[in-house]
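Here is a short report on one protein structure. Look at the sequence and the model first, then read on.

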Amino acid sequence: MQQEQIEPKFTIPDSVKQLIDKYYKSSPVAYHYYYTHCIKVTELALEIAERKKDYQMDHDVIIACGMLHDIGIIKTNAPDIGCFGEYPYISHIYLGREMLEQEGFADIAPICERHVGTGLSKEDIIKSNFPLPHRDMLPITLEEKLICYADKFYSKSEKHLTTPRSLEEIRKKVVKYGEDKLGDFDALHELFN
């Protein structure tokens, strides 16, 4: 099936584009879902950063983090989006960090671990028995918090690949993981609106 590729409203650095191509070009379905999702997340993040100029966020960091935050999905078992790896989907967060570190992107590699949900504490990981390293994976920098927030609006499902979820839809999804997680999301919403 031929997927239509969307064009970003921003410039993707060559080093970022080459890394995406290295891992995704051989899998057109995975490339479509990955690339489209990351463009939409990055565009939203840049729109917010432009509105919140007083925060003085680094647009280059936002673009790199937005385009690479999910790089690890290619190593997971998610056939619906063209990924045929051996790991459970949640593992993409630490796998992505390892990939970026190995590829020379150590400065932004933590975004891979810090964008899921509203972030995962070591206690969250242990309590939920996630197949993840036992360490905090919480967004720290403003740019990380921004990507974490923008990521909630788009998924890799057809319904929300290019059409954002409503705030109500996001809140309903987040509260399933606890009132504390909803409070964390609401804090991000307040920060960026």
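Cys148 is buried, because its relative accessible area is 0%, and the cut-off for buried is under 20%. The model is a predicted one. Cys38 is buried too, with a relative accessible area of 0%.

How many disulfides does a search of the whole structure find? The search finds zero. A disulfide needs two cysteine sulfur atoms within 2.5 Å. The sulfur of Cys38 has its closest cysteine sulfur in Cys112, at 9.4 Å, so the two are too far apart for a bond. Cys148 is in no disulfide either. Its nearest cysteine sulfur belongs to Cys65, 12 Å away.

| Cysteine | Closest cysteine sulfur | Distance | Relative accessible area |
|---|---|---|---|
| Cys38 | Cys112 | 9.4 Å | 0% |
| Cys148 | Cys65 | 12 Å | 0% |

Next comes the nonpolar core. The largest one has 54 residues. Which residues have the most contacts inside it? They are Ile20, Tyr24, Met67, Leu68, Ile71 and Leu100. The largest share comes from α2, with 13 residues.

Ser27 sits between α1 (14-24) and α2 (28-51). Is Ser27 buried or exposed? Ser27 counts as buried because its relative accessibility is 15%, where the cut-off is under 20%. One of its polar atoms lies 3.1 Å from the backbone oxygen of Gly82.

Last, the empty space. Rolling a probe the size of a water molecule over the atoms shows where such space is left. The largest pocket holds about 700 Å³. Its lining has 27 residues. Nearest the centre of this pocket lie Val116, Gly117, Lys152, Lys173 and Tyr177. By class, the lining has nine nonpolar, eight polar and 10 charged residues.

Which helix gives the most to this lining? The answer is α8, with three residues. Each of α6 (122-127), α8 (167-175) and α9 (179-192) supplies at least two residues of the lining.

Note on methods: Residues are numbered from 1 along each chain as its sequence is written. This is a predicted model: local features need pLDDT of at least 70, side-chain atom pairs count only at pLDDT 80 or more; totals for chains, interfaces and linings use all residues. Side-chain values use heavy atoms; hydrogens and water are left out. Helices (H or I, at least four residues) and strands (E, at least two) are DSSP runs, numbered from the N terminus. Buried means under 20% relative accessible area, exposed over 50%, partly exposed in between (1.4 Å probe, protein chains only). A polar contact is a pair of N or O atoms within 3.5 Å; within protein, one must be able to donate a hydrogen and the other to accept it, and residues adjacent in sequence count only if both atoms are side-chain atoms. On a 1 Å grid over the protein atoms alone, a cavity is a set of points where a 1.4 Å probe fits but cannot get out, and a pocket is an open set with protein on both sides within 12 Å along at least five of seven lines; lining residues have an atom within 4 Å of a point. Grid points are joined across faces, edges and corners, and a volume is the space filled by probe spheres set on the points. Ala, Val, Leu, Ile, Met, Phe, Trp, Tyr, Cys and Pro count as nonpolar, Asp, Glu, Lys and Arg as charged, and the others, Gly among them, as polar. A nonpolar core is a set of buried Ala, Val, Leu, Ile, Met, Phe, Trp, Tyr and Cys residues joined through side-chain atoms within 4.5 Å.
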